[in-house]
Amino acid sequence: MKRPPVIVVQIIHILGPSKGEIQEFNEPVISIGRHASCHVRFPVGLISVSRKHAEIVREGNQFKLVDQSTNGIFVNGKRVKEVFLKNGDVLEFSEGGPKVSFLTQMKEIPLEEPPGPVRERSRKEPLFRGTPEDQQPPIAPREAIKPEARAPEPKRPQVVAPPSPERQEEIAPQHVAMPLVIQYGPTLRSFKALPVTLGKSAKCNFVVDHPAIFDQHAQIFFSQNEYRIMDLTGQRSIRVNGQPIALKAPLKANDELALSPKGPFFRYLGEGRLVEVEAPLPKEPEPPVDKAKEGLREDIPQTKESKKPSSVFKKFFRN
């Protein structure tokens with residue numbers, strides 16, 4: 001059993017000392033500043049941010065930002081004192097200071113969990129772990145465990161389906177009214193309809209200025225009740241969770257998305273939200289093993305017993 005859905009606030013750091021981090025809260029008041037008691041806390045040495053810089057106060061199903069600082073706060077580039085926030089708003093704490101994006105999400109909390117604030121989530125931790133019921137192995141269908149043997153059916157010519165990457169070509173992008181939020185560097189764009197094309201060309205819906213990106217690089221669309229991405233390069237440049245895609249691939253919550261082997265790199269948060277993350281750390285290669293030396297050590301073990309005959313011969317010659 002689950003509790004009624006709650007509104008969770010997501011604070012995504014897009015510029016500043018915590019760039020790339022994602023914090024989640026469901027408290028009625030979210031405090032922001034340098035003080036140790038703040039929910040969104042910045043380093044003490046970042047003096048452009050006040051000790052108590054701002055608060056996000058929930059009023060019903062709305063969230064109001066209240067400025068409490070000396071240097072001010074900017075929402076989408078405009079300085080404000082109080083304002084109701086919308087999904088995708090960019091908050092800047094003092095002019096030229098840290099930037100975060102504001103998002104909300106409806107989330108179900110398992111009944112077994114005690115009520116309380118949602119703790120801060122690390123970047124590699126999944127957004128939703130699921131309930132214990134979700135983790136149980138699936139029950140085999142009733143027909144699969146029947147002991148009776150069925151009479152063999154007459155053989156018929158079968159049409160072999162092509163591999164799944166090729167079958168994905170059957171899924172054509174459709175123009176649908178589905179939301180999409182993309183954060184890349186200091187840029188945060190919200191779209192209300194799909195598909196959305198990404199690339200270096202100014203004709204794309206979302207321009208990605210990166211040396212490894214083609215003019216028409218990728219397209220995000222909605223099909224079969226899920227978000228999908230299509231590689232427009234023809235060179236298998238796009239990778240999902242480290243695996244290159246042939247043409248199209250579905251996007252699942254917490255998927256790691258690389259538009260090319262050299263970046264840029266994103267994380268798909270689910271519900272049409274794409275956030276830039278840092279490049280994954282390369283794995284260090286293991287040192288090569290000298291097989292010749294390994295063979296010598298195995299064939300001629302250096303033990304005390306192997307040295308005894310030489311000592312006996314020396315004693316014999318001395319006599």
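**Stop one: a lysine and its surroundings**

Select Lys64 along with Glu55, Ile56, Val57, Glu59, Glu82, Val83 and Phe84: these are its contacts (heavy atoms within 4.5 Å) once neighbours within four places in sequence are set aside. You're looking at a predicted model, where local features need pLDDT of at least 70, side-chain atom pairs count only at pLDDT 80 or more, and totals for chains, interfaces and linings use all residues. Numbering starts from 1 along each chain as its sequence is written, and side-chain values use heavy atoms, with hydrogens and water left out.

Now colour strand 6 (residues 62–67), which holds Lys64; strands are DSSP E runs of at least two residues, numbered from the N terminus. Lys64 counts as buried because its relative accessibility is 17%, and buried means under 20% relative accessible area (1.4 Å probe, protein chains only). Zoom in on Glu59: its side chain makes a polar contact with that of Lys64 at 3.0 Å. Such a contact is a pair of N or O atoms within 3.5 Å, and within protein one must be able to donate a hydrogen and the other to accept it; residues adjacent in sequence count only if both atoms are side-chain atoms.

**Stop two: the core**

Next, pick Ile182, Leu198, Ile229, Leu257 and Leu259, which touch the most other members of the largest nonpolar core, a set of 25 residues. A nonpolar core joins buried Ala, Val, Leu, Ile, Met, Phe, Trp, Tyr and Cys residues through side-chain atoms within 4.5 Å. Strand 12 (180–184) and strand 14 (196–199) are among the elements giving two or more residues to this core. Apart from it lies another core of 21 residues, including Phe42 and Leu65.

How values were computed. Helix = DSSP H or I, 4+ residues; strand = E, 2+ residues; numbered from the N terminus. Buried < 20%, exposed > 50% of the residue type's maximum accessible area, 1.4 Å probe, protein only.
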